[in-house]
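Please read these points with the model open beside you. They go from the whole chain down to single residues.

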Amino acid sequence: MHASMGHVRDLPSRTLAVDIENNFEAVYEVPKDKETVVKNLQKELNDSEDLWIATDEDREGEAIGWHLVEVLKRKKKQPVKRIAFHEITETAIREAMANPRELDASLVEAQQARRILDRLVGYTLSPFLWKKVYRGLSAGRVQSVAVRIIVDREREIQAFNAEEYWTVEAHLETDKSESFIAQLKEYEGKKCAPTNKKEAQQVLDGTTDREFSVAAIEEKELKKNPPAPFTTSTLQQEAGRKLSFSVKQTMVVAQQLYEGVSLGKGQGQSGLITYMRTDSVNLSSKALEDAARTIEKLYGREYVLSEPRKYKTKNKSAQEAHEAIRPTEMERTPESLSDVLDHQQLKLYTLIWNRTMATQMASAELKRVGADITAGAYTFRATGQTILFDGFMRVYREDRDEPEEDERSESKEADDGEKFLPPLSEGQRLKCDDIIPEQHFTKPPPRYTEASLVKKLEEEGIGRPSTYAPTISTVQQRGYITKEGKQLLPQDIAFTVTDLLAEHFSDIVDLKFTANMEQSLDNIAEGSQDRAAFLGGFYGPFQALVAKKGDEVKKEDVLKERELGIDPKTSLAVVVRTGRFGPYVQLGRLEDLTEEEKKKKVKPKSASLPDGVHKDEITLDQAMKLFDLPRELATMEGEKLIVNTGRFGPYLRLGKFTLSLPKELDPYSVTGEEAKELIKEGREKAKKAAEPLKSLGKDPETGGEIQLKDGRYGPYVSDGKTNASLGKKYGPDDITFAIAVELLEKKRKRPPRKFKKK
C-alpha cells in the first residue's frame with residue numbers, strides 16, 4: 001500500500017496545455033516532485049496482483065485515481081479495483097474492500113472540465129490584466145467573484161449614511177423590590193422610535209409622574225432543535241466564529257484528524273473523524289445508534305431521542321452516500337483524547353463531537369414571557385426567557401455572524417440564555433426608578449469575515465466547499481484582500497480589477513453566471529452534459545471577447561491618475577496613481593523631467609499612501625505631507641537616524657538596523673529622542689532573542705547542544721541545525737530534556753516543505 005499524495009499528473013504551468021481544436025483534450029505531465037512517487041508506486045504494482053484505488057469519493061478523488069491508472073503500467077489482465085470509504089477505521093475499510101467498483105467516468109470528466117475551464121479563464125484573462133494593469137495579478141472563475149463580493153460590500157459601507165435613533169428604557173421595580181428593564185415600544189398604539197433628542201424628550205415629558213402598570217402578559221413555551229451535523233462549509237464557518245480559525249487552518253487540522261493519530265498502547269493509529277470534504281448532512285445508522293448509546297451513558301435517558309433525528313441536505317447535488325463530518329467513534333470523547341491531540345486538533349475535534357452529539361439529543365424547551373407596560377399614552381415592552389430543559393444546549397450552542405439587518409429591528413431572535421423577568425400579573429402597578437434615553441446611530445453592514453464569505457459563496461452556489469480555502473488564500477496572496485483581525489479588507493487594486501472585469505467581462509464576475517457554471521459541472525458529473533460541448537460553448541465567445549478588449553482597452557484608461565493640484569514650490573503637478581504595491585502619490589510626471597535627468601534615469605519623487613487613506617479621498621495637503629519622508633531625526637553613533645515609510649509601513653533605520661515604528665507614533669512628528677529610545681529597546685530585544693532561555697543538554701542523535709530560545713514566532717528548541725516550535729501544547733516552563741529531544745526528532749522526520757515558484 002502506497003500513497004500518491006494527491007495528483008500524480010497535472011497541466012504543465014508554462015503552457016496552456018489544452019488542445020482547443022481537439023475537443024479540449026488536456027496535455028498532462030508528471031511534475032518533477034512526483035516522479036519519485038510514481039516510480040515507487042510502479043515498483044509496488046509490479047509485485048502485486050491487483051491495483052486498488054482508494055482515493056476520496058468526489059470528482060477530485062476520482063480524477064486522482066484515473067491519473068494513476070493512466071500513468072502506471074499494468075500487467076495484462078491486472079484488474080483495477082476502486083474502493084471508497086468515509087472514515088479511516090478497520091470496519092469501513094474492510095467493507096469497502098468487499099465491494100469494489102469501477103472508476104466513475106462522469107466524475108473524471110467533470111473534474112477535467114473544471115480544471116480545463118479554470119486554466120482557460122486564468123491563462124486567457126491573467127495576461128490581459130498584466131498588460132492593462134501590471135504583472136503578478138490573476139483572474140479566476142471563482143476568485144474574481146469572491147473579490148467582487150468583498151468589494152461590493154466595501155462600497156456599501158463607504159456609501160452608508162448613518163441615521164440617528166434613540167432608545168428609551170424604563171428601569172422598573174415590583175412591590176417586592178424585583179427590578180427589571182422595559183423598552184419603549186408604542187405611542188397611542190402605534191410603533192414609536194424617537195429619531196432625535198427632541199422626540200426622546202417628549203417621551204420623558206409624557207411619562208414623568210405617570211403610573212406604570214402591566215397591561216398585558218404573553219407567555220409562550222417553545223422547543224428549539226439543534227442545527228444539522230457539519231458539512232465542509234458549516235464547519236469552516238463555525239470554526240471561524242467559535243475558534244477564530246481561518247478556513248485554511250480549519251481544513252489543515254481537519255485533514256490531520258481524518259488521517260488519524262496514534263492513540264497509545266495497543267490501540268494503534270486511527271482516523272478520528274469522517275471525510276471532511278462533504279456537503280451531506282447524512283449520518284449512518286451505526287453512527288445514530290452509537291450516538292444514542294453515548295448520550296444516555298453521559299447525560300441520562302431524558303436526553304435521548306425516541307427515534308433518530310434526520311436532516312435533509314439543501315444542496316440537490318449533494319451525494320447522500322457521503323456522511324456529514326462526525327467522529328468515527330461516538331464514545332471517543334474529547335476528554336479521552338486530551339493527551340494525544342495538540343491544542344488546535346483538540347479544539348476542532350471538540351467542536352465536531354459536540355455538534356454531532358447535539359444533533360441526536362432532545363430538543364431544548366424554553367419559556368418566553370413578554371409584558372406590555374403602560375405609562376400614559378406610551379407602552380413599554382419587557383421580555384424574559386427561562387430554559388425549562390436544556391436538551392442539546394447542554395453540549396452545543398450555534399454562533400452567529402454579525403447581524404446585517406437594521407439593529408433597530410424587533411425581529412431578531414431572542415438570546416438562547418436565561419433572561420430574568422420577575423412574576424407579573426395584569427393590572428399590577430410598578431415603581432419607575434428611572435427613565436433613560438440613549439442616542440444611537442445605525443451601523444453600516446459588517447465587512448466579510450472568512451466565515452461569512454464562505455456562507456455567502458455557498459448561498460450563491462459559487463464554487464464548492466473544497467475550493468473555498470484555496471480561493472480565500474489566493475485572493476490574499478495576490479494582494480487583492482488583506483485581513484484586519486477577522487475582517488477581510490479589499491485593497492485599491494481589488495477595486496481597479498473588479499471594475500475592469502465588471503465593465504468588460506461582466507460574466508466572469510457575475511454571481512449567477514458563475515453559479516450556473518457550477519451547475520453545468522454537476523451535470524457533467526451526473527452524465528447529463530457533454531464536457532467538450534460545455535467547454536466549447538464557453539471558450540469560443542470568451543476568447544473572441546478577450547481579443548476584442550485587448551485592442552479596445554488602454555492601460556492609461558484603467559489606471560487613471562488623479563491630479564490633486566500643483567506644488568507651489570516646484571510648480572509640478574501632484575498626482576495619485578496605482579502601482580504594483582498599492583496607491584501612491586507622485587510629484588511631477590516623467591515628461592516634466594529635464595533631458596539630463598532622463599539620461600540619469602531620475603524618477604519623480606513618490607510616496608506610498610498610508611493605511612486607511614483611499615486614493616479617491618486623499619487631499620493635496622495630505623499628499624504634500626507624504627513627500628516629507630524620509631526624515632533625518634538625529635545622529636546616533638556617527639550614523640544618521642532616519643524615519644521613512646515602505647511597503648510594510650513606517651520604520652526607523654540606523655545604519656543596517658531597521659525597526660518598525662509603533663502604530664501609536666506618527667512618522668511625521670516622532671522626535672529624535674523617541675527614535676533613539678526605540679532603537680535601544682529594539683536592539684536589546686534582538687539581543688535577548690538571540691540568547692538561549694536555557695540549555696537542556698546534548699542531543700543524543702546529533703550531539704548538538706539543545707537550547708530553548710525565544711524567536712520571532714514564539715519559543716522553540718534548537719540543536720544548532722534543527723529548530724522545532726513548541727506549538728500550543730507546551731509553554732517554555734514545560735520543556736524538559738526528554739520533550740525537547742522528542743520535538744526535534746519529530747521535526748527531522750517531517751518531510752521538507754515545498755514552495756512553488758511564482
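1. Basis. This is a predicted model, in which local features need pLDDT of at least 70 and side-chain atom pairs count only at pLDDT 80 or more, while totals for chains, interfaces and linings use all residues. Residues are numbered from 1 along each chain as its sequence is written, and side-chain values use heavy atoms, with hydrogens and water left out.

2. The whole chain. The C-alpha trace spans about 95 × 85 × 70 Å along its principal axes. Of the 758 residues, 45% are buried (buried means under 20% relative accessible area, exposed over 50%, partly exposed in between, with a 1.4 Å probe and protein chains only). A contact means heavy atoms within 4.5 Å. Among contacts between residues at least 6 apart in sequence, 68% join residues at least 24 apart.

3. The sheet β20 to β23. Strands of a sheet pair through backbone hydrogen bonds, either parallel or antiparallel. Here, 4 strands form an open sheet in the order β20-β21-β22-β23, with antiparallel pairing; two strands pair if DSSP finds at least two bridges between them. β20 (631-636) and β23 (657-660) are the edge strands, each with a single partner, so one side of each has no neighbour in the sheet. From one strand to the next, the twist averages 25 degrees; axes are lines fitted to C-alpha atoms, for helices over the stretch in contact, and angles run from 0 to 180 degrees between N-to-C directions.

4. Strands β21 (residues 639-646) and β22 (residues 649-654) are joined in the antiparallel sense by 6 bridges. I642 has R653 in β22 as its bridge partner, and L641 has L654 in β22. R653 also has a bridge partner in β23, namely T658. β22 and β23 pair over 4 bridges in the antiparallel sense. They form a hairpin with 2 residues between them, and G655 in the turn has a positive phi of about 65 degrees.

5. The sheet β24 to β27. Another set of 4 strands forms an open antiparallel sheet, in the order β24-β25-β26-β27. Which strands stand at its edges? They are β24 (694-698) and β27 (723-725), each with a single partner strand, so one side of each is left without a neighbour in the sheet. Neighbouring strands are turned by 30 degrees against each other on average, direction ignored. Helix α20 (residues 737-749) lies across β24, β25, β26 and β27, and runs at about 105 degrees to β27.

6. β24 and β25 run antiparallel and are joined by 4 bridges; G697 has I706 in β25 as its bridge partner. Their hairpin has 6 residues between the strands, where G703 takes a positive phi near 80 degrees. β25 (residues 705-711) pairs with β26 (residues 714-718) over 5 bridges, again antiparallel. One of the residues involved is G711, whose bridge partner in β26 is G714.

7. Nonpolar cores. A nonpolar core is a set of buried Ala, Val, Leu, Ile, Met, Phe, Trp, Tyr and Cys residues joined through side-chain atoms within 4.5 Å. In the largest core, of 111 residues, L125, L129, V133, I273, L348 and Y480 touch the most other members. Helix α4 (residues 105-132) gives the largest share of this core, 10 residues. Leaving aside neighbours within four places in sequence, L125 is in contact with A139, L501, F505, I508, F542 and V546. Apart from this core lies another of 21 residues, including A170 and L184.

8. Rings. The whole structure holds 10 aromatic pairs (rings of Phe, Tyr and Trp, the last by its six-membered ring, pair if their centres lie within 6.5 Å; planes under 30 degrees apart are stacked, over 60 edge-to-face, the rest tilted). Y28 and W66 are edge-to-face, 6.2 Å centre to centre, with 75 degrees between the planes. Y28 is in the loop between β2 (25-26) and α1 (35-46), and W66 is in helix α2 (residues 59-71), 38 residues apart. Ring pairs also link F128, F505, F538 and F542 into a cluster.

9. Charges over rings. The charged end of R9 sits over the ring of W66, 5.5 Å from its centre; this label requires NZ of Lys or CZ of Arg within 6 Å of the ring centre and within 35 degrees of the ring normal. K242 has its charged end over the ring of Y396, 5.2 Å from the centre.
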